[in-house]
Amino acid sequence: MIGPKRKPPPWLDTSQPQNDRARTQLCPRCRQPILRALVGHVAALDVRADPTPLDLAQEVAARLQGRTTYCLRVHPHLPARLIHRGPEHIRAGRCTHLVVADHHCPRTPAPAEPHTTADRLF
Ligand SMILES: [Zn+2]
Ligand SMILES: [Zn+2]
């Protein structure tokens, strides 16, 4: 059940940049939809995440691949936000957020290898 729409109260600070708002974009490389947001308030990271929510096993698998996972906080009347999923947040038990992981682009250009082994003449 969804209650009546409530306007944000006038004292709500909307002037502060709310830069963890997740925007849906297309990955410039593989053209897959990604969530993009600045996560963190001090040193915000430009995060590109896959929009597909992960269950616990998938999150563990993603973390084992070295991917970072984030909470996607969805609110019926507010833009979705990506939140850093710190150890404390995880330890606090299951949260109500969706969990998403970094977008690892399948079209990432080949890893920079300035010289292949064939170049090692010396
Ligand atoms: Zn969470
Ligand atoms: Zn991509």
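## Strands E2 and E3

Five bridges, written here as 5 bridges, link E2 and E3 in the antiparallel sense. Strands (E, at least two residues) and helices (H or I, at least four) are DSSP runs numbered from the N terminus, and two strands pair if DSSP finds at least two bridges between them. The model is predicted; local features need pLDDT of at least 70, side-chain atom pairs count only at pLDDT 80 or more, and totals for chains, interfaces and linings use all residues. Residues are numbered from 1 along each chain as its sequence is written, while chains are lettered from A and ligands numbered from 1 in the order in which they are written.

Within this pair, Leu38 has Asp46 of E3 as its bridge partner, and Arg36 stands opposite Arg48 in E3. The two strands form a hairpin with 5 residues between them. In the turn, Gly40 has a positive phi of about 100°. His41 is also found in the loop between E2 and E3. Is His41 buried or exposed? His41 counts as exposed because 11 C-beta neighbours lie inside 10 Å; the cut-off for exposed is 12 or fewer other C-beta atoms within 10 Å, for buried 20 or more, with partly exposed in between, and C-beta atoms are placed from the backbone. His41 and Asp20 are 21 residues apart in sequence, and their C-alpha atoms are 8.4 Å apart in space.

## The sheet E1-E2-E3

E2 and E3 belong to an open sheet of 3 strands in the order E1-E2-E3, with antiparallel pairing. E1 and E3 stand at the edges with a single partner strand each, so one side of each is left without a neighbour in the sheet. From one strand to the next, the twist averages 35°; axes are lines fitted to C-alpha atoms, for helices over the stretch in contact, and angles run from 0 to 180 degrees between N-to-C directions.

The loop between strand E1 (23-26) and strand E2 (33-39) contains Arg31. Arg31 has a phi near 65°, a positive value in a residue other than glycine. Arg31 is exposed, because 9 other C-beta atoms lie within 10 Å.

## The sheet E5-E4-E6

Another open sheet has 3 strands in the order E5-E4-E6, and its pairing is antiparallel. Strand E5 (78-84) and E6 are the edge strands; each has a single partner strand, so one side of each is left without a neighbour in the sheet. Neighbouring strands here are turned by 30° against each other on average, direction ignored.

E4 and E5 pair in the antiparallel sense over 5 bridges, and a hairpin joins E4 to E5 through 2 residues. Cys71 has Ile83 in E5 as its bridge partner, while Leu72 stands opposite Leu82 in E5.

## Nonpolar core

The largest nonpolar core has 14 residues, of which Leu35, Ala49, Tyr70, Leu72, Leu82 and Val100 touch the most other members. Such a core is a set of buried Ala, Val, Leu, Ile, Met, Phe, Trp, Tyr and Cys residues joined through C-beta atoms within 7 Å. Two or more residues each come from E2, strand E3 (45-49), strand E4 (69-75) and strand E6 (98-101). E2 gives the largest share, 4 residues. In soluble globular proteins, nonpolar side chains tend to be buried together.

Which residues does Leu72 contact, leaving aside its neighbours within four places in sequence? They are Ala22, Leu35, Ala80, Leu82, His97, Leu98 and Val100. A contact here requires C-beta atoms, placed from the backbone, within 7 Å.

## Whole chain and confidence

The protein chain has 2 helices and 6 strands, which follow the pattern β-β-β-α-β-β-α-β along the sequence. Of its 122 residues, 15% are buried. Among contacts between residues at least 6 apart in sequence, 56% join residues at least 24 apart.

The average pLDDT, the predictor's confidence in each residue from 0 to 100, is 79 for the protein chain, and 73% of the residues score at least 70. Confidence is lowest in helix H2 (residues 87-91), with a mean of 84, and highest in E6, at 94.

Note on methods:
Two residues are in contact if their C-beta atoms, placed from the backbone, lie within 7 Å.
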